[in-house]
Number of protein chains: 2
Amino acid sequence: MALGEFDLIAKYFQRPARRSPLGVGDDCALLAPAPGRQLAVSCDMLVEGRHFLSTVAPERLGHKALAVNLSDLAACGARPLAFTLALAMPRVDEDFLDGFARGLYALADAHAIELVGGDTTAGSLAMCITVFGEVPAGQALLRSGARAGDDLWVSHAPGGGLGDARLALEMFRGRVPVSPDLESLRLAMECPQPRVALGVALRGVASAAIDLSDGLVGDLAHVLRRSGVGAVVDVDALPVSAALAALPADLRRECAVSGGDDYELLFTAPPAREAAVRSAAAQAGVAVRRIGRIDAAPGLRLVDARGEPVGGHFGAFDHFATR
Amino acid sequence: MALGEFDLIAKYFQRPARRSPLGVGDDCALLAPAPGRQLAVSCDMLVEGRHFLSTVAPERLGHKALAVNLSDLAACGARPLAFTLALAMPRVDEDFLDGFARGLYALADAHAIELVGGDTTAGSLAMCITVFGEVPAGQALLRSGARAGDDLWVSHAPGGGLGDARLALEMFRGRVPVSPDLESLRLAMECPQPRVALGVALRGVASAAIDLSDGLVGDLAHVLRRSGVGAVVDVDALPVSAALAALPADLRRECAVSGGDDYELLFTAPPAREAAVRSAAAQAGVAVRRIGRIDAAPGLRLVDARGEPVGGHFGAFDHFATR
């Protein structure tokens with residue numbers, strides 16, 4: 001017998017409340033940040049065919065749906081507290097729900113956060129998560145704090161880099177031949193690791209931060225516009241995996257520069273804070289690389305290892321674009 | 001030329017921040033409830049064909065998407081502060097966005113709340129709103145507070161009542177002949193008025209509360225289960241519009257008892273608080289009616305005006321059911 005809406009909430013998504021006074025099951029969840037702390041809130045919707053392929057394992061999808069939201073908290077330097085989940089799916093599919101809940105809760109447990117509310121409905125497969133974190137008042141990392149002279153940094157997995165998720169997507173789309181690296185690239189696309197510990201460690205160190213969800217070019221543009229500055233980026237200094245490094249330069253640069261779905265932190269800091277940046281990264285267990293600098297002249301200038309301008313058009317990933 | 005994702009956020013959904021330190025456009029919004037207050041959070045997703053018909057005017061849809069969420073805050077007695085919006089739509093349709101934003105902001109302005117974050121993407125038309133409100137610590141209205149002997153109350157519009165939204169839906173579906181009342185019934189379905197002022201006024205008065213989104217029977221069942229009590233409801237005492245009153249008793253009762261989409265408050269209070277209940281309703285400008293009582297014996301007993309049990313099966317509205 002098919003589970004109804006309330007039964008499936010109870011079966012898959014109800015757990016005892018811990019930090020929140022009320023868990024799933026009243027009209028609202030109640031949250032109270034500690035005195036002197038602000039609540040950081042972010043919200044992302046994932047839609048089948050746009051943010052994930054129909055071939056993704058439910059467990060990885062559960063992970064990713066929460067991971068992309070935790071990545072926004074990381075970019076603010078906020079410590080995660082809780083989240084809500086709204087889930088639309090064509091029919092009640094218990095195998096899907098079982099896997100999805102497992103992936104979701106594994107990541108939630110890793111960050112000691114809890115699901116405090118939600119909604120389920122029939123519809124095309126889509127999920128919307130709103131995450132809540134807390135940050136000491138006035139200490140949130142913002143997009144607007146970059147200053148001329150700052151170094152520009154990006155985080156990456158040891159051995160990994162920017163563009164892996166995009167390369168996996170292009171292999172699935174058939175634009176790039178499938179290689180033996182597909183499984184590891186696919187993991188980058190389907191199981192991004194939100195840089196929460198790094199974001200917290202960068203409070204008071206980074207001058208600005210954003211998470212890379214729409215690709216380096218597009219996301220950096222937000223920082224530059226908000227901060228009223230420009231930047232020079234050495235595209236050959238971008239951290240890339242061995243799989244991406246083996247590709248022709250134009251394809252490698254396209255994936256790394258405007259790939260999307262990286263969920264690494266892009267941040268700025270004065271050169272004098274280099275040691276503090278490296279210490280924060282070490283503390284968080286994440287690699288970081290300096291990829292350029294902020295300058296006063298507006299606009300983004302991409303250069304190669306010799307300092308020569310890099311041609312070609314690199315755009316942001318746009319969820320309404322057809323490509 | 002079609003607007004891209006970031007342009008449309010800027011054009012339709014970006015306004016200067018007021019209460020929130022950060023408005024739309026950083027990775028997170030920052031919120032800080034006043035000292036001694038808890039943040040109430042709720043999240044609802046609306047999907048075309050399930051929660052609204054494709055024929056709804058965009059302006060009314062913008063209103064409804066926020067209204068159903070404010071209704072959850074009302075049920076907790078929370079005062080609204082802010083909300084986030086995630087919007088999926090098949091393509092960028094500026095006429096739709098213009099109307100949707102107008103309806104959304106008209107209701108937001110009426111409650112002096114602001115949009116603090118969001119996400120837009122391509123996909124089947126669906127929207128997910130998360131609302132934030134505040135309530136003095138420990139004063140939130142819960143589902144679990146009903147006690148044997150309490151009166152059971154429901155709010156309604158003057159001249160309106162439960163079941164109007166369901167009757168409109170049945171007329172659109174062709175199960176009930178279209179009548180000249182359709183326009184006013186349609187307004188109930190498409191433009192519900194969240195009972196925010198009543199919820200706030202009932203703090204310290206009501207012993208339990210819930211908003212009616214899935215129909216009286218289904219929503220009351222949540223209160224009874226959470227409170228560990230039962231109830232007797234006089235189905236002929238339910239407030240109904242003239243349009244519904246004109247229908248045969250079985251159809252009238254079906255709409256009023258398990259209609260769904262009412263967004264009225266169902267609440268309980270000790271008989272000694274009757275004057276306080278009426279005063280809260282008057283202060284909020286909403287009508288209230290006593291429709292039954294809570295008793296210790298578990299289960300819900302529906303009776304008619306003569307006190308005789310009412311037969312028939314009345315279920316909750318289930319968003320996965322096909323009917």
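How many residues of chain A are in contact with chain B? The count is 52 residues of chain A, against 51 residues of chain B. Keep in mind that this is a predicted model.

Let me stay with that interface. Which elements of chain A supply two or more residues to the side that touches chain B? They are β1 (29–31), β2 (37–47), α2 (58–76), β3 (79–89), β4 (114–122), β5 (126–136) and β7 (208–211) of chain A. The biggest giver is β2(A), with nine residues.

Now, how the copies are arranged. Two copies of a chain are related by a rotation about an axis and a shift along it.

β1(A) pairs with strand β2 (residues 37–47) of chain B. The sense is antiparallel, over three bridges. Within that pairing, A:A29 has B:V41 in β2(B) as its bridge partner. Then take β2(A). This strand pairs with β1(B), antiparallel, again over three bridges. There, A:L39 has B:L31 in β1(B) as its bridge partner.

What is the strand order? It runs β4(A)-β3(A)-β5(A)-β2(A)-β1(B). The sheet is open, has five strands and shows mixed pairing. Which strands stand at the edges? They are β4 of chain A and β1 (29–31) of chain B. Each has a single partner strand, so one side of each is left without a neighbour in the sheet. On average, neighbouring strands are turned by 20 degrees against each other, direction ignored.

One helix to find on the screen is α2(A). It lies across β2, β3 and β5 of chain A. Its angle to β5(A) is about 25 degrees. α2 of chain A is also among the elements that give two or more residues to the side touching chain B.

Last, chain A as a whole. It holds ten helices and eleven strands. The chain has 323 residues, and 56% of them count as buried. Take the contacts in chain A between residues at least 6 apart in sequence: 86% of those join residues at least 24 apart.

Definitions and conventions. Residues numbered from 1 in each chain as written. Chains lettered and ligands numbered in written order. Predicted model: local features only at pLDDT ≥ 70, side-chain atom pairs only at ≥ 80, totals over all residues. Helix = DSSP H or I, 4+ residues; strand = E, 2+ residues; numbered from the N terminus. Buried ≥ 20, exposed ≤ 12 C-beta atoms within 10 Å, placed from the backbone. Contact = placed C-beta atoms within 7 Å. Pairing = 2+ DSSP bridges. Axes fitted to C-alpha atoms, helices over the stretch in contact; angles between N-to-C directions.
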